[in-house]
Amino acid sequence: MEKIAMVSETKKHPISTILIVVAMQTEALPVVNKLQLKEELNSMFPKGVPWVRYHGTYKELDISIVWPGKDTVLGVDSVGTIPASLVTYVSIQALQPDLVINAGTAGGFKAKGATVGDTFLVSHVAFRDRRIPIPVFDLYGIGLRQAFSTPNLLRTLNLKVGKLSTGDSFEAPQEKASISENDATLEDMEGAAVAYVADVLKVPAVFIKAVTNIVDGDKPTIVEYMQNLAAVTAALGLAVAEVVDFINGKCLSEL
């Protein structure tokens, strides 16, 4: 009840602390540079973990960007739901943010109106690979959650809106049925996990996703993704900065 009361109070006061969660360094750096944040070397994270935090003050906002860092064995970005869940949980506990933003790239579905370079404000998130064919557990597996409603933000920035499907596989044809059942426009590898943690800890969360590749298109997914990654992450950085500019000085209820 105490946390719910805190969220209610935050709706009446200007947002002061924002936590931005990203999955990859290439997604983080354009936002870091745009908001002029610095890597926080005195880490709030447990000793030995690869997680990274960038922090700074932008206008009237205290902003932290966190990402799970590089895998300590293989040296690649620690993508997927488990690293995203862990770093989101620890960061919320340590920073007590007023708002969580999950920003990142995503695959998009042409049949749902997505094109490469589009930036979406996500309306709902769900898992696509947690299939539990037992009554009620099936709904738990899907884990459908609604993002925090931001009608004024949406109207002002003229972003597209779509549902997001999350899973731990980059490309898995066998999951297309569940994606279709969830009416998803986008797919990623961390959004629903961030939503789950934010929901458990009663912190409002919004999701900004930029499309790198068309899942139901003609080009090989990985080829298209790699071709567009640099340009789309740059566009994502601009979009996140615009969102932050809009949020500055406003209460949750004004979003």
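Predicted model: local features only at pLDDT ≥ 70, side-chain atom pairs only at ≥ 80, totals over all residues.

Colleague: Start with the largest nonpolar core. Which residues touch the most other members?

Modeller: Ile-20, Leu-35, Ile-63, Ile-65 and Ile-101 do. That core has 35 residues.

Colleague: Which elements give two or more residues to this core?

Modeller: Strands S1, S3, S4, S5 and S10, plus helices H2 and H8. H8 gives the largest share, eight residues.

Colleague: Now H2. Which residues in H2 are buried?

Modeller: Glu-27, Ala-28, Val-31, Val-32 and Leu-35. Down the helix axis, the buried residues of H2 fall within an arc of 120 degrees, so they line one face.

Colleague: And what do the buried residues of H2 pack against?

Modeller: They pack against S1, S3, S4, S5 and H8.

Colleague: Switching to rings. How many aromatic pairs does a search of the whole structure find?

Modeller: Two. One is Phe-45 with Trp-51: the centres are 5.5 Å apart and the planes are at 85 degrees, so this pair is edge-to-face.

Colleague: Are Phe-45 and Trp-51 buried or exposed?

Modeller: Phe-45 is at 7% relative accessibility, so it counts as buried. Trp-51 has a relative accessible area of 15% and is buried too.

Colleague: What about Phe-170 and Tyr-225?

Modeller: They pair edge-to-face, at 5.1 Å centre to centre, with 75 degrees between the planes. Phe-170 sits in the loop between S8 and H6, while Tyr-225 is in H8, so the pair ties together parts 55 residues apart in sequence.

Colleague: How accessible are Phe-170 and Tyr-225?

Modeller: Phe-170 is partly exposed, at 33% relative accessibility. Tyr-225 is buried, at 9% relative accessible area.

Colleague: Last one. Which ring faces do Arg-130 and Lys-250 lie over?

Modeller: Arg-130 lies over the face of Tyr-140, 5.0 Å from the ring centre. Lys-250 lies over the face of Phe-246, at 4.1 Å from the ring centre.

Conventions
Residues numbered from 1 in each chain as written. Heavy atoms only, no water. Core = buried A, V, L, I, M, F, W, Y, C linked by side-chain atoms within 4.5 Å. Buried < 20%, exposed > 50% of the residue type's maximum accessible area, 1.4 Å probe, protein only. Helix = DSSP H or I, 4+ residues; strand = E, 2+ residues; numbered from the N terminus. Phe/Tyr/Trp six-rings, centres within 6.5 Å; stacked < 30°, edge-to-face > 60°. Lys NZ or Arg CZ within 6 Å of the ring centre and 35° of its normal. Arc of directions from axis to C-beta. Contact = heavy atoms within 4.5 Å.
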